Amino acid sequence: MHDRFERFFAPRFLLGVNLVVIVAAETLGGGRLFYDTGLIYVPVTLFVFLASARVFGRYHLYDPVLKRFLRWSLAALFILLIANTIEFADQNLGYLWPASSVYGGVISFHLAALLAIAVGAFYILKAHGKMRIATPWLIVCALVGVAAFGASLAVYAGLMSAVPPLFYIIIAFAAGLSTCVPTAAIARFVPVLKEFSRYLTGALVFMTLAAGAEALHLIAKGEYVVYQQATYISHFAFYAAVSLMFLAFGKLANLGGVYEDAAAEDGRPDRASIH
């Protein structure tokens, strides 16, 4: 059953689903239907559910490294769902908070999700003796996340009137870079996880684009089309990110003895000895 599930949600199928949603959003009702009804937010829940369900697939759960990574990834998905809920509530319940505060908060949640994935990847690199590569980038990701959250909180508290959109775009890029570097390094140091690393890095790139696109709401100045397309672009990138996360999780399934043998050949301890 698990294998059938995995074959059904193949890369081509997920690509097709993404393209269908994009075309439907940009054409139905003159491109307004998905935005005006809040339908653009529905695929987010479906994609997150799909990726979350994949976390509970057939993994070798005795492996503490994979367990930690998957737990942090599940936390990242939950954080992204919270961000989506906040944006949905604001856009569909009458703009409850200042735009700078709302989208600053949404971007901050995106960065928190990036940080969660970075922490999970940190454990994989640590297990293979490459902790020094991940640590500096992990610190950078945490610092930029705190900066984004602090700016959003300052606007909400009235200490600042607004935050320049470019600030959030730069912050998102910095967080994305600091997360992609260690995850891309997994492919070099753990060859058996090369495909997993590539899918995960791709997911982080699209997640970064989604966070950066959220900042476009801050330059809308009441223009419907700008708000609409900013929402569409950020969510299209989000769909791609979660789809790639789903595929990355699939590459961790059924590694079994191959992963153990790879670790043994490297002369490093296997995961069972790492706590």
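Predicted model: local features only at pLDDT ≥ 70, side-chain atom pairs only at ≥ 80, totals over all residues.

1. Serine 73 has a relative accessibility of 1%, and because buried means under 20%, the residue counts as buried. Apart from neighbours within four places in sequence, serine 73 touches Met245 and Phe249.

2. Next, have a look at helix H2, which runs over residues 11-27.

3. Which residues of H2 are buried? They are Leu14, Asn18, Val21, Ala24 and Ala25. These residues cover an arc of only 135° around the axis, so they lie on the same side of H2. Their packing partners are helix H3 (33-37), helix H4 (42-55) and helix H10 (224-252).

4. Turn to the other side of H2 and you will find Arg12, Leu15, Val20 and Val23 exposed. After H2 comes glycine 29, with a positive phi near 60°.

5. Finally, a pair of helices. The axes of helix H6 (residues 99-127) and helix H8 (residues 165-189) come within 10 Å and cross at roughly 15°. Angles under 35 degrees count as roughly parallel, so H6 is roughly parallel to H8. The crossing of H6 and H8 is left-handed. Residues of H6 that take part in the contact include Gly104, Leu111 and Ala118, and those of H8 include Ala172, Gly176 and Thr179.

Terms used
Residues numbered from 1 in each chain as written. Heavy atoms only, no water. Helix = DSSP H or I, 4+ residues; strand = E, 2+ residues; numbered from the N terminus. Expected span 1.5 Å × (residues − 1). Buried < 20%, exposed > 50% of the residue type's maximum accessible area, 1.4 Å probe, protein only. Arc of directions from axis to C-beta. Contact = heavy atoms within 4.5 Å. Axes fitted to C-alpha atoms, helices over the stretch in contact; angles between N-to-C directions. Parallel < 35°, antiparallel > 145°, perpendicular 65-115°, else oblique. Left-handed = near helix turned anticlockwise from the far one by under 90°.
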